[in-house]
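Subject: A structure for you to explore

Hi there,

I am passing a structure on to you, and I hope you enjoy looking around in it. Please open it first and keep it beside you while you read my notes.

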Amino acid sequence: MNISWYLTVSAIIFTIGAAGILTKRNPLVILLCLELMLNAANLSLISFSRMWGNEDGQIFAIIVMVVAACEVVIGLGLIVAIHRRGLPVDADELSELRG
Amino acid sequence: MSLQTHAWLVLAFPLAGTILLGLLRPVLSGKKAGAIGTLAILLAFANGVAAVIKLQELPSESREVVSSLWTYANTGGLDAQLSILIDPLSLLMVLIVAGVSTLIHLYSVAYLASDEGYVRFFAYLNFFVFSMLVLVLAGNFVLLIVGWALVGAASYLLISFWYRRNTATKAGIKAFVINVLGDVGIVLGTILLLGATGSVDFLTVFNEAPQVFNSNDGTLVAACLLLMVGAFAKSAQVPFHTWLPDAMEGPTPVSALIHAATMVTAGVYLIARMHPLFELAPTAQVVGGIIGLLTLLIAATIGLVVTDLKRVIAYSTMSQIGYMIMAVSSGIYVSGLFHLMTHAFFKALLFMAAGSVIGAMAGEQSLNRMGGFRKVMPITYACFIIGGLALSGMPPFSGFFSKDDILLGIGELGGWHWILYVGGYIGALMTAIYTFRMIFRAFHGDPCEEAKSLEAGRLYHAPEHRNPADGTLEDTGVGFPGSKHHIAERSVAMTIAMGVLAFLATTAGVLQIPKISHVMENFLEPTFVGAKHFGVEIDTSLLLFGMGLGTVLGLLGIWIAWTLYVKRPGSAAAIEARFAGAHKLFANKWYFDEAIDFAIVRPFAALGRFGQRTVERVVVDGGITAGPVSLARVSSAAVRSWQSGLLRAYAAAITFGAALVLLYFLLQG
């Protein structure tokens, strides 16, 4: 199969993720969208790996997964902490760091 | 072990003690810390004794050993080693410093028993002894300056030991600033000598000096005078003396150790150490002699009127150091150092005994409130009498031989030195008067409330703790030896320390008696053999006249004090009223503090205010920095508005930014 199909799917998923991040206000959904973007990138990495016939891209994909797992742990932890303190679980309301 | 090893161990033990006590401060209990501190100094003293024995085994002409541990710096013609000079002079100082320090550590174990800063105190005290030993053992100017500055720092820490007392911290700062002034003098003097001789090593400089300098060479005189500034600042000589009386804010063992026995004699040591240079600069010697005389007379007159027990002894210290400076500046080094040693014994003894009285008075130090302690504190009284007789120069106590040795040596010099000779005897008379004025006022007369309470078997405790210097209320955690009070003679450790010193103060005179015993002279011969007036025979008639005059003046002084303060107690006030002008001058310490304040402090403070109000506010803030500051403010305000705090706005900026970059490269391609 032509590699461009894989890349097209990857680009579509990536754009969906990016659009979600820009439009959604719930941090939980933002995290989900972030996951979508990371995995879209993984898909294209693996496609390229297949195209060149070596494993470099797959190793990259695994590293990205590790990073994604870490990010999810921290992100979920933050969301739980925000919730416990009784703060609004809303990315727009949490804007105390404005200049 | 070799001589060098012993000498290095002298330095190692107090340093180890300092570090150990400093690190273990949170876990050590009081008594253990005292034991560690005392043991460290005792071991240093033992090594000092061993070094002396080893040194005496060497032939006389090779008793100057330099030992270098490593190279400090070797660049641009400067070769500074971490080296010590072991010779009779440095070892004599080591024995005095370590020996007296051991006794004072022992005294402090009991004296500060209830103080909260007990471990800290011993860490500081060990640090002081280490610094002082570095100072006296230093084999070159660099290490001398290091020791000199460390001693100043240790003195600051110990004067301000009760740091919650405002007066104590102020006194510490004053002492430190004046001492640093002296440090600057020594550094500048060293630079001059380095420039002329190309070396910082003592022995090299001393050997080079006669070839490089003519007698009274301008550079050499300047260098010697700068070194003297250091000596005067450390030894509290006019006009750098005002810190010493204030330093009495420190705990009494500190006064005994630093401000009587060891640190303040560093100036005397310095001049004796530098004697090959001073012999080539007679002008500097004259300056030293005059300053010594002025100090001894001014301090004695203040001692006559001051009413604080410890400050009387402090002024007498200044006065006695005046004798020593006078002696070493006139080239009679052995006498000066002999007096340094006996003075260390009897002055430390007097301070320790004063600590005992202050303990019984619950921290009160004013002679006006004391009286009648003779019966209730017999040991303290005996110590005061022994110390007082030695200080007044009464035979056969040690002070008699050492003070007469100085005055005889100066009398033998003749010429203009007769001024010093006469002034020295006038000072001796005043010494006897103020010493026994202090003793009679504290121990004779009607017993004060505290003495009565002690007689009834209980120790007087002040209802509220007040700072003896300015009368302000203070919290009980600080100040006079902790919240509980001790009387020296009721504690074994303190009594032992005082007993040993009393014995030494009584008998140390036998080390050097004209025409009979020459232990000091023989021991110090290798250091001073090249000096002009070394080993000059004293004329017998002068000797007998001097000794007789010294005794008569001492007795006269004691008789005057007896008449004024015991026989006719009111007559002192009548004399004060009669000579109101002189009394006011003496009681205000010759207005030295005010003069320094007027001549130095106020102009500098005014300059500082001018700098702050005019130069900084108007010129710097208004003129120079105004433009850049407002530019930064405007531009940052513009950038700041982008920082909205909205997460999604940031994400959008990143996304579209990355998209734009991508687009740019795609279109390029």
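Below is what was found in it, topic by topic.

This is a predicted model, in which local features need pLDDT of at least 70 and side-chain atom pairs count only at pLDDT 80 or more, while totals for chains, interfaces and linings use all residues. Residues are numbered from 1 along each chain as its sequence is written, chains are lettered from A and ligands numbered from 1 in the order in which they are written, and side-chain values use heavy atoms, with hydrogens and water left out.

Where the chains meet

The contact takes 14 residues from chain A and eleven residues from chain B (contact means heavy atoms within 4.5 Å). About 930 Å² is buried between the two chains, and carbon and sulfur atoms give 62% of that area. Buried area is the accessible area, with a 1.4 Å probe, that two parts lose on being put together, summed over both.

One salt bridge is found across this interface (a side-chain nitrogen of Lys or Arg within 4 Å of a carboxyl oxygen of Asp or Glu). Its partners are B:Arg648 and A:Asp92, with the closest N and O atoms 2.6 Å apart. Over all chains, the structure holds eight salt bridges. Another one joins B:Asp87 to B:Arg273, at 2.9 Å from N to O. That pair links distant parts of the chain, 186 residues apart: B:Asp87 is in the loop between strand 2 and helix 3 of chain B, and B:Arg273 is in helix 11. Helices (H or I, at least four residues) and strands (E, at least two) are DSSP runs, numbered from the N terminus.

The largest pocket

A pocket is found on a 1 Å grid over the protein atoms alone, as an open set of points where a 1.4 Å probe fits, with protein on both sides within 12 Å along at least five of seven lines; lining residues have an atom within 4 Å of a point. The largest pocket holds about 520 Å³ of space. Its lining has 21 residues, and those closest to the centre are A:Pro27, A:Ile30, A:Leu78, A:Ala91 and B:Leu647. Helix 3 of chain A gives the largest share of the lining, five residues. By class, 14 lining residues are nonpolar, four polar and three charged. Here Ala, Val, Leu, Ile, Met, Phe, Trp, Tyr, Cys and Pro count as nonpolar, Asp, Glu, Lys and Arg as charged, and the others, Gly among them, as polar.

A hairpin in chain B

Strand 1 (residues 65-75) and strand 2 (residues 78-86) of chain B run antiparallel and are joined by eight bridges (two strands pair if DSSP finds at least two bridges between them). B:Thr71 has B:Gln81 as its bridge partner, and B:Ser68 stands opposite B:Ser83. Two residues lie between the strands, and B:Gly76 takes a positive phi near 50°.

Some backbone exceptions

Most residues other than glycine have a negative phi, and most peptide bonds are trans. B:Asn216 is not a glycine, yet has a positive phi of about 65°. A cis peptide bond, with omega about 0°, joins B:Val238 and B:Pro239, and B:Pro239 sits in the loop between helix 8 and helix 9 of chain B. B:Pro395 and B:Pro396 are also joined by a cis peptide bond, with omega about 0°.

Happy exploring!

Terms used:
Points joined across faces, edges and corners; volume = space filled by probe spheres on them.
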